[in-house]
Amino acid sequence: MINALANGIRLIGHRTIEAVWRLGAATRFMGLVLARSAMAFRRFQLTLDEIHFAGVLSLIIIIVSGLFVGLVLGLQGYETLKRYGSAEAVGTLVALALVRELGPVVAALLFASRAGSAMTAEIGIMKSTEQLSAMEMMAVDPFARVISPMFWGGFISMPLLAAIFSVMGIFGGYLITVVIIGVDSGAFWSQMQASVDLRDDILNGVIKSVVFGAAVTAIALFEGYDAPPTAEGVSRAVTRTVVTSALAVLALDFVLTAFMFTGV
Amino acid sequence: MHFRFSLSGPPVPSDNLVEFSQVEFSYDGRPILQGVDMRFARGKVVAIMGGSGTGKTTLLRLIGGQLKPGRGKVLVDGGPVHGIPHARLYAIRRKMGMLFQFGALFTDLTAFENVAFPLREHTDLPESMIRDMVLMKLDAVGLRGAHALKPAELSGGMARRVALARAIALDPMLIMYDEPFTGLDPISVGVIGNLIRRLNDALGATSVVVTHDVQESLKIVDYVYFLAGGKVVAEGTPQQVRDSGEPFVHQFVHGESDGPVHFHYGAPPYGEDLGLGDR
């Protein structure tokens with residue numbers, strides 16, 4: 001009994017120390033990424049390549065998902081608003097839901113599973129096959145040459161992807177409610193225009209997507225860099241990237257929403 | 001003439017490119033190296049041999065400044081590689097080349113791009129000159145014709161030769177080889193062995209070869225260190241090694257399964273493990 005208790009306490013202590021150690025390692029990692037960022041901007045082609053990898057190659061999934069989310073939102077919104085005789089307000093509902101919440105959040109979740117997992121795998125494999133060590137031995141800093149451009153590539157891509165997601169979602173809402181169901185097109189757009197505020201809604205949505213982009217990219221790169229140099233280590237790191245990023249995005253969304261929209 | 005600078009007196013001529021003085025190193029409290037002293041003379045090819053897990057690769061990483069010794073000093077070209085600013089360490093690394101065990105080529109680049117990588121990173125040479133230099137390096141390892149292939153399209157031996165071309169791209173003063181013969185067929189072993197010797201002499205470099213391959217390495221090296229239990233247990237020229245009566249060297253060179261290095265990993269008595277103790 002006492003032994004079991006002691007083992008339990010030991011396990012908690014071990015896990016706590018490990019968590020604190022990882023937090024410290026992640027902080028140091030991010031410090032290095034930011035400190036070695038000069039090359040990412042001086043040789044901007046490196047960052048552009050990463051924007052292509054993280055952003056352009058994620059476009060298909062973002063466009064298709066945004067369209068479907070918009071279609072569903074339009075359909076659900078119309079059915080609900082119709083009961084109160086305000087079906088024309090569906091444009092407002094679709095736009096606000098997408099710009100404030102669904103655009104940044106769903107785009108970030110998709111970004112984590114498409115680009116984040118790929119970043120983790122790439123860095124993890126580069127580490128396990130000693131490509132990062134080889135770079136160091138060639139006097140090329142892997143943080144400056146590879147990791148920082150990847151971070152800034154993800155950081156820049158994410159808000160653009162969220163914006164595209166929202167635009168596609170609004171287009172999906174328009175398709176289902178105006179083109180198919182027959183809601184008045186003028187009412188759809190004018191109510192949306194009157195209700196969506198540039199600063200309170202759009203800017204706050206952009207801020208969210210920037211924060212999510214930084215968080216997801218940082219998590220993906222750290223997990224890849226910290227992965228044990230084995231096939232199993234890299235695969236676990238990829239899983240951790242997707243899970244941790246999803247939780248981080250949802251938690252950050254709550255915190256940001258509390259500050260932005262409820263005046264906490 | 002090369003000089004080592006010290007604060008205590010005038011410059012001291014040094015014929016050694018790399019020196020280990022009483023170096024100790026541990027991983028997670030487990031001692032790997034204990035009081036290692038080694039000298040790598042300029043222009044020579046020196047082999048470091050020893051069983052798996054004896055710290056041979058650790059020695060290379062200490063020379064490259066990727067690991068830091070717990071105690072002792074590692075000097076390269078007369079200066080320390082630890083406790084120095086990042087920029088200084090990277091300046092020293094530009095004079096080094098390293099061949100990793102499996103090449104560590106960048107998998108998304110062709111052989112040409114891999115060899116061009118250090119040239120593009122560290123020089124402002126025009127693309128036409130980089131092309132000529134890369135083709136010269138690839139020709140030196142016999143793979144000019146494979147310049148357009150990606151690492152996945154190369155055999156193990158070819159990948160290591162491309163990695164060797166990359167390692168010598170900047171004409172280094174020190175070339176380090178981490179298990180260059182592992183997993184290669186006998187022809188490739190011979191090719192790599194000849195290249196190590198030939199490139200060292202052509203570049204006027206110094207080479208450190210970490211290897212298990214006794215027969216091939218004794219053909220090409222000038223000096224050998226044997227490492228066991230974290231210490232240098234024997235050293236000498238290839239002829240001295242072949243003639244050595246020292247039990248460890250004899251066991252290693254002749255590939256005997258038992259000797260100072262036991263066949264069995266440390267374990268309690270066999271009968272005890274099988275539960276026969278009480279019967």
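In chain B, where is confidence lowest, and where is it highest? This is a predicted model, in which local features need pLDDT of at least 70 and side-chain atom pairs count only at pLDDT 80 or more, while totals for chains, interfaces and linings use all residues. Residues are numbered from 1 along each chain as its sequence is written, and chains are lettered from A, with ligands numbered from 1, in the order in which they are written. In chain B, pLDDT (the predictor's confidence in each residue, from 0 to 100) is lowest in strand β1 (residues 3-6), with a mean of 41, and highest in α3(B), at 94. Helices (H or I, at least four residues) and strands (E, at least two) are DSSP runs, numbered from the N terminus.

Over chain B the mean pLDDT is 86, with 93% of its residues at 70 or more. Residues 1-13 of chain B stay under 50, and for them the model has 17 contacts beyond four places in sequence, where two residues are in contact if their C-beta atoms, placed from the backbone, lie within 7 Å. The model as a whole scores ipTM 0.81 and pTM 0.85.

Chain B has ten helices and twelve strands, and its C-alpha trace spans about 80 × 55 × 40 Å along its principal axes.

One part of chain B is an open sheet of four strands in the order β4-β3-β6-β7, with antiparallel pairing, two strands being counted as paired if DSSP finds at least two bridges between them. Its edge strands, each pairing on one side only, are β4 (30-41) and β7 (79-80) of chain B. Strand β6 (residues 71-76) of chain B pairs with β7(B) over two bridges in the antiparallel sense, and B:L75 stands opposite B:P80 in β7(B). Helix α1 (residues 56-63) of chain B lies across β3 (16-27), β4 and β6 of chain B, and runs at about 120° to β3(B); axes are lines fitted to C-alpha atoms, for helices over the stretch in contact, and angles run from 0 to 180 degrees between N-to-C directions.

Elsewhere in chain B, strand β5 (residues 45-50) runs parallel to strand β11 (residues 223-228) and is joined to it by five bridges, with B:V46 opposite B:Y223 in β11(B). β11(B) also pairs with strand β12 (residues 231-236) of chain B, here in the antiparallel sense over five bridges, and B:L227 has B:V232 in β12(B) as its bridge partner. These two strands, β11(B) and β12(B), form a hairpin with two residues between them, and B:G229 in the turn has a positive phi of about 60°.

In chain A, the axes of helix α1 (residues 2-35) and helix α9 (residues 198-226) come within 10 Å and cross at roughly 110°. α1(A) is therefore roughly perpendicular to α9(A), a class that covers 65 to 115 degrees, whereas angles under 35 count as roughly parallel, over 145 as roughly antiparallel and the rest as oblique. Here A:A25, A:A26, A:F29 and A:M30 in α1(A) meet A:A218, A:F222, A:Y225 and A:D226 in α9(A).

Finally, 13 residues of chain B are in contact with ten residues of chain A. The elements that give two or more residues to this side of chain B are α2 (86-93), β8 (96-99) and α3 (111-122) of chain B, and α3(B) gives the most, with three residues.
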